[in-house]
Amino acid sequence: MNDPRYLAVKLLSKTFRSGSYSNIQLSAGLDSSDLDDRGKKLCAALYYGVIERRITLDHIISGLSSRPVNKLDDEIINILRCGIYQIMYMDSVPDNAAVNESVNLAKQFGKTSAAGMVNAVLRNFIRNGKQLTLPEYAIKRTSIEYSAPEELVRELMKNDALEVLTCRNREGAFVRRNSLRCTEAEFVDSLSEKLGSSNIRRSDELPDCWIVSGDLIHTDAFEKGWFHVQSAASQYICAALAPTENDRVLDICAAPGGKTFTMAEMMNGKGEIFASDLHEKRVKLIREGAERLGLSNVRAFAGDARRFEPSLPQFTKILCDVPCSGLAVISVKPEIKYKKISDFDGLPEIQYNIAHNALNYLAVGGELVYSTCTIRREENEKVCERLLHAHPELEPVELPETGIASDRRTELPYRSVNGFFAAKFRRRV
């Protein structure tokens with residue numbers, strides 16, 4: 001398949017039906033396609049754009065279609081969404097091209113009878129001046145303007161975090177250079193040769209943190225283990241724990257292993273780092289990544305983080321990056337916006353139980369970092385307050401100057417960095 005629009009519609013239909021993570025769905029789809037780099041970029045732009053703007057697009061379509069949006073065939077509604085998105089948000093695509101390609105897509109999907117309706121809806125949108133009419137009611141207006149369900153708008157307002165809806169992170173991927181495997185010059189020269197020097201730049205946030213655009217996985221530098229892909233926020237979390245080669249570290253809920261790898265590199269490949277996850281299949285990802293990066297100080301194993309494992313030793317540093325609602329990383333996983341808030345109700349208890357159990361392994365004088373990628377106080381501050389109340393042996397510790405200014409603070413997305421929450425504790429006795 002060498003039609004990026006066709007693949008985008010196909011992936012959108014699959015994503016909205018299954019509720020799977022967009023980055024995983026897109027990566028699998030592009031890897032199995034025969035699109036060139038330009039086609040992949042167009043497909044990705046349409047795919048992410050429609051997911052991000054689905055509510056806005058459906059609001060526009062509902063005002064132009066005689067049939068309700070929820071009564072339209074999956075492929076047809078996604079063809080319309082892609083068409084409206086190109087017309088409204090992609091200046092590089094001429095309006096006529098967006099219309100014609102959408103009509104052709106309807107025929108390609110065997111929906112010839114709907115081709116006329118697709119043509120009429122898109123041409124009427126153009127004829128009406130590409131207008132987005134917003135209601136006066138504040139919640140509804142914000143919902144349509146930022147393409148977020150009304151209950152999510154209320155949740156973000158409650159947590160003073162509407163900013164997460166305005167964050168965009170499409171300028172490239174954050175990666176961490178593996179200083180154990182290559183020099184900075186080798187890293188830059190290798191990726192510049194493959195991707196072009198204009199697609200590589202240093203991030204100002206952290207050492208060995210870079211922003212790179214292009215097909216990273218199919219590079220010599222990746223195969224040699226010279227870097228791994230990891231958000232700046234995740235690199236911040238590792239810097240907050242600050243492990244050294246003299247530490248024994250436990251990374252809980254570690255798969256696919258990005259934080260494990262960064263901490264192992266911070267430890268100069270020395271000391272010990274135990275990385276656990278619930279399922280052996282995901283633990284395998286940690287082992288494979290550590291092998292590619294040449295990190296022999298990593299030991300990965302499967303286990304339920306909520307249950308005490310007496311065979312584990314005591315640790316001087318523990319990272320609890322717990323499962324969470326992910327509301328602070330909507331910019332890279334926009335499908336999270338469409339989950340029901342009630343789906344997250346059970347998370348705080350799971351998060352507390354994981355952190356509570358982790359304290360069984362924390363040595364006296366040892367430090368633990370609790371982190372999430374959400375903005376919900378129920379999953380952040382309230383879990384930490386419960387820990388401190390139940391464990392008088394703990395004391396809060398000030399976080400280092402790595403973009404986090406206090407001992408417990410939710411960092412909203414700024415510039416191109418995803419949001420996160422971090423809190424650090426020390427065991428006194």
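So, burial: 53% of the 429 residues in this protein are buried, where buried means under 20% relative accessible area, exposed is over 50%, and partly exposed sits in between, using a 1.4 Å probe and protein chains only. Keep in mind that this is a predicted model, so local features need pLDDT of at least 70, side-chain atom pairs count only at pLDDT 80 or more, and totals for chains, interfaces and linings use all residues. Residues are numbered from 1 along each chain as its sequence is written, and side-chain values use heavy atoms, with hydrogens and water left out.

Okay, overall build. We have 16 helices and twelve strands; helices (H or I, at least four residues) and strands (E, at least two) are DSSP runs, numbered from the N terminus. The radius of gyration is 23 Å, close to the 22 Å that the globule rule gives for 429 residues, so the protein is as compact as a globular protein of that length. That radius is taken over C-alpha atoms, and the rule is 2.2 Å times the number of residues to the power 0.38. Along the principal axes, the C-alpha atoms fill a box of roughly 70 × 50 × 35 Å. Contact here means heavy atoms within 4.5 Å, and among contacts between residues at least 6 apart in sequence, 74% join residues at least 24 apart.

Now the helices. Take α3 (residues 37-52) and α5: they pack at about 100 degrees, with axes 10 Å apart. Axes are lines fitted to C-alpha atoms, for helices over the stretch in contact, and angles run from 0 to 180 degrees between N-to-C directions. The two helices are therefore roughly perpendicular, given that under 35 degrees counts as roughly parallel, over 145 as roughly antiparallel, 65 to 115 as roughly perpendicular and the rest as oblique. On the α3 side the contact uses Ala45, Leu46, Gly49 and Val50, and on the α5 side Arg81, Cys82, Tyr85 and Gln86.

Let's stay with that glutamine. Is Gln86 buried or exposed? It's buried, with a relative accessible area of 1%. Leaving out residues up to four places away in sequence, Gln86 touches Arg5, Leu46, Val93, Ala98 and Ser102.

Further along there's α8 (residues 138-145), where Ile139, Thr142, Ser143 and Ile144 are buried. Their cover includes α4 (54-62) and α9 (150-158). Just after α8, Ser147 takes a positive phi of about 55 degrees.

On to the sheet. It's an open one of four strands, ordered β2-β3-β1-β4, with antiparallel pairing; two strands pair if DSSP finds at least two bridges between them. At the edges are β2 (200-202) and β4 (227-229), each pairing on one side only. The twist averages 35 degrees from one strand to the next.

Look at β3 (residues 209-212), which pairs with β1 (residues 173-177) over four bridges. Arg176 has Cys209 as its bridge partner, and Val175 stands opposite Trp210. β2 and β3 form a hairpin with six residues between them, and Asp208 in the turn has a positive phi of about 65 degrees.

Where do the β3 side chains go? In a regular strand they alternate between the two faces of the sheet. Here Cys209 and Ile211 point one way, Trp210 and Val212 the other, and all are buried. Finally, α10 (residues 184-195) lies across β1, β2, β3 and β4, running at about 5 degrees to β3.
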